[in-house]
Amino acid sequence: MKEKQTTETAYSRAGVNIDAGMDAVKLMGSAVRSTWDENVCCDYGAFAGLYDLAKAGCGRDILAVTIDGVGTKLKIATMMGRYDTVGQDLVNHCVDDLLVQRARPLIFADYFASSCITPEHVAETVQGMAEACRAVGCNLLAGETAEMPGVYCEGEIDLVGCMIGIVRKTDVDGVPPIAPGDVLLGLPSTGLHTNGYSLARHLLFKEEGLTVDSRVPDLGCTVGEELLKIHREYLSAIEPFLGDKRVHGLAHITGGGLYDNVRRVLPDGCDARIDTSTWEPLPIFRLLRTIGELTIEEAYRALNMGIGLVLIVDGAAADGIRTTLETHSHETFVIGDISKGDGSVRLQ
């Protein structure tokens, strides 16, 4: 495969600047922190915010909250005229962000907006949300439907969800920090999940000239069917480990890929080494790399490359945890380890 000498070129051509998004997070930090009281118990930039109910005099556990969208995957849903899968995507993405904080989902609220509301599309989307909520025991409690011509392009929709969960104090008390010698376990994704779609659309539709109805032999389905594969929820796989002190950290692999999302959970003094030969990326990732001639850095920052969740576990416990997961039909890969360093993620 031909390797380009520059990075981020394909994603930039698709109209996305990952670094700009990271810069925005940094610039808003002081404003966000200025609103925090002593009950906030998470780091800025975490996958989900944490609020200690015990300190606030409201309970014994910790409240977790996250908010996210489906991104430009919505354009594929519009092109396909199918909206139930993106409703499931939205819920599952939020579930997985909460999991990083060892939280179980309690309540979900959605926001559906369009230039012109089509009731059937709204209903189909919410049906998908409800299906995903039932699967993880979450209550779909509130929502907003907005019609805003002139703000949204004709025929397009936007979708955002907010989820509240609970972290049991007994699950997080006494969890050892991530440390050298820990091992990284990766759970496979079902596809792109909900990130990298601007890049994928640019490569597949503009550069390669495919359509959602194009059938690609390596994919075993149409392009549209591949791109609408549902973002996997990992609660069913790792709920038994939320209180396991052998699990020192977790990372949900979303925008920024393995590079940025694993880095988000690394403490000072630790590097993560990831061996990309330990799993086989799905055909869609190989196809995108071939079309875009993507460098390793670009591919593994823009896409999850087949790993949707990473568990960072005690090195001595890695084999046992992996065996337990696979006994329950959850394929798991040993993808790397933790060493002393400066907080870097190194792929090889």
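**Exercise 1. Find the spacing and exposure of the salt bridge between Glu-326 and Arg-322.**

Step 1. The side chains of Glu-326 and Arg-322 form a salt bridge, 3.7 Å from N to O. The term requires a side-chain nitrogen of Lys or Arg within 4 Å of a carboxyl oxygen of Asp or Glu.

Step 2. Locate the pair. Both residues lie in helix α13 (residues 318–327), four residues apart, so about one helical turn separates them. Helices are DSSP runs of H or I with at least four residues, strands are runs of E with at least two, and both are numbered from the N terminus.

Step 3. Recall the helix rule. An α-helix has 3.6 residues a turn, so residues three or four places apart point the same way.

Step 4. Glu-326 is partly exposed at 37% relative accessibility. Arg-322 is partly exposed too, at 28%. Buried means under 20% relative accessible area, exposed over 50%, and partly exposed in between, with a 1.4 Å probe and protein chains only.

A note on the model: it is predicted, local features need pLDDT of at least 70, side-chain atom pairs count only at pLDDT 80 or more, and totals for chains, interfaces and linings use all residues. Residues are numbered from 1 along each chain as its sequence is written, and side-chain values use heavy atoms, with hydrogens and water left out.

**Exercise 2. Describe how helix α7 packs on helix α11.**

Step 1. Helix α7 (residues 197–207) and helix α11 (residues 283–292) pack at about 65 degrees, with axes 10 Å apart. Axes are lines fitted to C-alpha atoms, for helices over the stretch in contact, and angles run from 0 to 180 degrees between N-to-C directions.

Step 2. List the contacts, meaning heavy atoms within 4.5 Å. From α7 come Ala-200, Leu-203, Leu-204 and Glu-207; from α11 come Ile-284, Leu-287, Leu-288, Ile-291 and Gly-292.

Step 3. Sort them by class. Seven are nonpolar, one is polar and one is charged. Here Ala, Val, Leu, Ile, Met, Phe, Trp, Tyr, Cys and Pro are nonpolar, Asp, Glu, Lys and Arg are charged, and the others, Gly among them, are polar.

Step 4. Judge burial. Nine of the eleven residues of α7 are buried, so the rest of the structure largely encloses this helix. Among them are Tyr-197, Arg-201 and His-202.

**Exercise 3. Which residues touch the most other members of the largest nonpolar core?**

Step 1. Define the core: buried Ala, Val, Leu, Ile, Met, Phe, Trp, Tyr and Cys residues joined through side-chain atoms within 4.5 Å.

Step 2. The largest core has 94 residues, and Val-262 and Val-310 touch the most other members. Helix α4 (residues 84–100) gives the most to this core, eight residues.

Step 3. Trace Val-262. Leaving out residues up to four places away in sequence, Val-262 touches Leu-184, Ala-251, Ile-253, Ala-272, Ile-274, Val-310 and Val-345.
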